[in-house]
Amino acid sequence: MPPLTHTRPTPLSPHRQVRAYIGRAATRFWPAADGAAAPRASIVMMPGRGEDAAVFERTAVRLAVDGYDVTYLAAGLAAGEHVSVALAEARRPDVPFVLFGSDTGALRALSLAGSPALRPDALVLLGLPLLHRPFAGEVPAELPPRALPDLPTLLIHGERDEVSPHHMARMITRTVRTAQLETVPGGHGVLDGPGVRLVAALTVLFVESLRQGGVAPTSR
């Protein structure tokens with residue numbers, strides 16, 4: 001696969017200059033469409049098994065059009081020692097900072113959410129693996145979570161998901177009062193399935209609820 005490149009559909013204003021890891025081959029960046037204004041939120045996307053930036057692009061572009069800065073971190077970087085640098089650069093002051101993970105990327109988002117230094121304001125988890133089953137020829141290195149963190153969390157789940165059966169997704173959503181579950185058509189690969197068009201819309205509704213008072217964004 002050819003190296004990923006930095007995508008910049010609109011000019012960046014000076015207060016959103018891309019630095020260091022953001023813009024390297026392991027990342028892609030879609031700034032909010034209105035480059036003259038501050039973004040409404042900063043969303044960091046993390047891929048799972050069998051996924052690359054192309055799988056995320058449709059959703060990322062729609063979120064950028066709606067006014068969000070969107071950063072994609074390839075799996076290698078998301079698991080590497082410089083993840084703290086990349087995430088610190090993606091964070092924007094005074095707006096929600098959201099980790100958006102798919103499959104094992106959702107597991108990484110949960111792991112990062114437990115770090116006091118990197119704690120996000122909210123999580124969007126697609127196809128969170130709840131059984132230790134192979135997918136796309138890979139078995140997850142991480143164990144399935146037993147509970148969700150006490151953060152605003154949106155789980156988006158394929159109705160025919162064979163890796164995370166619906167009853168298990170419903171049960172883990174009940175482990176914390178700040179979580180909600182949305183079901184879309186398709187199986188485990190939500191971004192590759194017929195429910196992909198709903199993902200951006202559900203994410204926008206979720207993030208805008210945070211902006212309306214559901215969470216106080218960090219200023220770091």
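## Starting at F56

With a relative accessibility of 0%, F56 counts as buried. The structure holds two aromatic pairs. One of them joins F56 to F100 in an edge-to-face arrangement, with 6.4 Å between the centres and 65° between the planes. Since F56 sits in helix 1 and F100 in strand 4, the pair ties together parts that lie 44 residues apart in sequence. Ring pairs also bring in Y72, so that F56, Y72 and F100 are linked into a cluster.

F100 belongs to strand 4, which runs over residues 97-102. Is F100 buried or exposed? It is buried, because its relative accessible area is 1%, and the cut-off for buried is under 20%.

Which residues does F100 touch, once those up to four places away in sequence are set aside? The list is I43, V44, M45, M46, F56, T59, V124, L126, V199 and T203. Take M46 from that list: F100 and M46 are 54 residues apart in sequence, yet their C-alpha atoms are 6.2 Å apart in space.

## Two nonpolar cores

The largest nonpolar core has 32 residues, and M45 and I156 have the most contacts inside it. At least two residues each come from strand 2 (41-46), helix 1 (53-65), strand 3 (68-73), strand 4, strand 5, strand 6 (153-158) and helix 6 (196-214). Helix 6 gives the largest share, eight residues. As a general rule, nonpolar side chains tend to be buried together in soluble globular proteins.

What is M45 in contact with, leaving aside neighbours within four places in sequence? The partners of M45 are F56, T59, A60, L63, V70, T71, Y72, L73 and F100. There's a second, separate core too: it has 27 residues, including M46, L118, V176 and A179.

## One side of helix 3

Helix 3 spans residues 83-90, and its buried residues are V83, A86, L87, E89 and A90. These residues cover an arc of only 160° around the axis, so they end up on the same side of helix 3.

## The whole chain

Zooming out, the protein chain has six helices and seven strands. Their order along the sequence is β-β-α-β-α-α-β-α-β-β-α-β-α. Of the 220 residues, 54% count as buried. The accessible surface comes to about 9600 Å², and carbon and sulfur atoms account for 55% of that.

Among contacts in the protein chain with a separation of 6 or more, 74% are between residues 24 or more positions apart.

The average pLDDT of the protein chain is 84, and 82% of the residues score at least 70. Among the elements, strand 5 (residues 122-126) has the highest mean pLDDT, at 98, while helix 2 (residues 75-78) has the lowest, at 64.

Two stretches deserve a mention here. The pLDDT is below 50 over residues 1-21, a stretch with 49 contacts in the model beyond near neighbours in sequence. Residues 216-220 are also below 50, and that stretch has 19 such contacts. Where pLDDT is low, the predicted coordinates should not be read in detail.

Technical notes
Residues are numbered from 1 along each chain as its sequence is written. This is a predicted model: local features need pLDDT of at least 70, side-chain atom pairs count only at pLDDT 80 or more; totals for chains, interfaces and linings use all residues. Side-chain values use heavy atoms; hydrogens and water are left out. pLDDT is the predictor's confidence in each residue, from 0 to 100. Helices (H or I, at least four residues) and strands (E, at least two) are DSSP runs, numbered from the N terminus. Contact means heavy atoms within 4.5 Å. Buried means under 20% relative accessible area, exposed over 50%, partly exposed in between (1.4 Å probe, protein chains only). The arc is that of the directions from the helix axis to the C-beta atoms. Accessible areas come from the Shrake-Rupley method with a 1.4 Å probe; for residues, only the protein chains shown count as cover. A nonpolar core is a set of buried Ala, Val, Leu, Ile, Met, Phe, Trp, Tyr and Cys residues joined through side-chain atoms within 4.5 Å. Rings of Phe, Tyr and Trp (its six-membered ring) pair if their centres lie within 6.5 Å; planes under 30 degrees apart count as stacked, over 60 as edge-to-face and the rest as tilted.
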